[in-house]
Amino acid sequence: MPVRTCVGCRARTSAGELLRVVAEVGGPGPLVVPDPRHRRPGRGAWLHPDPACLRLAERRRAFPRALRVPGSLDTSAVQHHLSAGQPRSAAQDTTDAGSVPRQATEGKQVDPS
């Protein structure tokens, strides 16, 4: 898995542990929206799914620089996403919520005796 840098704390981590966010321009003004499945079009920035890293990124004004959008950005959608307890890594998205984990379906357990 590729290594990315968190725009908040500047720590390098695998992309599966970070939340991707993208800028969405339109409506009342540009805003930062979460992209937990890493599928939204556009330039993305990476952030630990931790409110402390979000606060650091806001304080450092990292989102406009990383997303190459002039002016300030509204981060309320990312704040809501983090407070709702929904951040999921790409590794957790490999199975559906209602399905059986992969290791349970790979094969039968055989008695070694």
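Helix 1 (residues 51-59) and helix 3 (residues 76-83) have axes that come within 10 Å of each other and cross at roughly 165°. That makes the two helices roughly antiparallel (over 145 degrees; under 35 is roughly parallel, 65 to 115 roughly perpendicular, the rest oblique). Axes here are lines fitted to C-alpha atoms, for helices over the stretch in contact, with angles from 0 to 180 degrees between N-to-C directions.

This is a predicted model, so local features need pLDDT of at least 70 and side-chain atom pairs count only at pLDDT 80 or more, while totals for chains, interfaces and linings use all residues. Residues are numbered from 1 along each chain as its sequence is written, and side-chain values use heavy atoms, leaving out hydrogens and water.

Back to the helix pair. Helix 1 passes helix 3 in a left-handed crossing (the near helix is turned anticlockwise from the far one by less than a right angle). On the helix 1 side, Pro51, Leu54 and Glu58 do the touching, and they meet Val78, Gln79 and Leu82 in helix 3; contact means heavy atoms within 4.5 Å. By class, that contact has 4 nonpolar, 1 polar and 1 charged residues (Ala, Val, Leu, Ile, Met, Phe, Trp, Tyr, Cys and Pro are nonpolar, Asp, Glu, Lys and Arg charged, the others, Gly among them, polar).

Zooming out, the protein has 4 helices and 5 strands, which follow the pattern β-β-β-β-β-α-α-α-α along the sequence. These are DSSP runs numbered from the N terminus (helices are H or I, at least four residues; strands are E, at least two).

Now for the sheet: 3 strands make an open, antiparallel one in the order 4-3-5. Strands 4 and 5 stand at the edges with a single partner strand each, so one side of each has no neighbour in the sheet. From one strand to the next, the twist averages 40°. Strands count as paired if DSSP finds at least two bridges between them, and the pairings look like this:

| Strand | Partner | Sense | Bridges |
|---|---|---|---|
| Strand 3 (residues 19-24) | Strand 5 (residues 44-47) | antiparallel | 4 bridges |
| Strand 3 | Strand 4 (residues 31-35) | antiparallel | 5 bridges |

Valine 21 is a handy landmark here. Its bridge partner in strand 5 is alanine 45, and in strand 4 valine 21 stands opposite proline 34. Glutamate 24, meanwhile, faces leucine 31 in strand 4. Strands 3 and 4 form a hairpin with 6 residues between them, and glycine 26 in the turn has a positive phi of about 145°.

Helix 3 turns up again at the sheet: helix 3 lies across strand 3, strand 4 and strand 5, and runs at about 35° to strand 4.

Leucine 67, in helix 2 (residues 62-67), is worth a look too. Leucine 67 is buried, with a relative accessible area of 5%. Leaving aside residues up to four places away in sequence, leucine 67 touches Val21, Val22, Ala23, Val32, Arg43, Gly44, Ala45 and Leu73. The C-alpha atoms of leucine 67 and valine 22 are separated by 7.0 Å, though the two residues are 45 apart along the chain.

As for the whole protein, buried residues make up 30% of its 113 residues (buried is under 20% relative accessible area, exposed over 50%, partly exposed in between, with a 1.4 Å probe and protein chains only). Among contacts between residues at least 6 apart in sequence, 53% join residues at least 24 apart.
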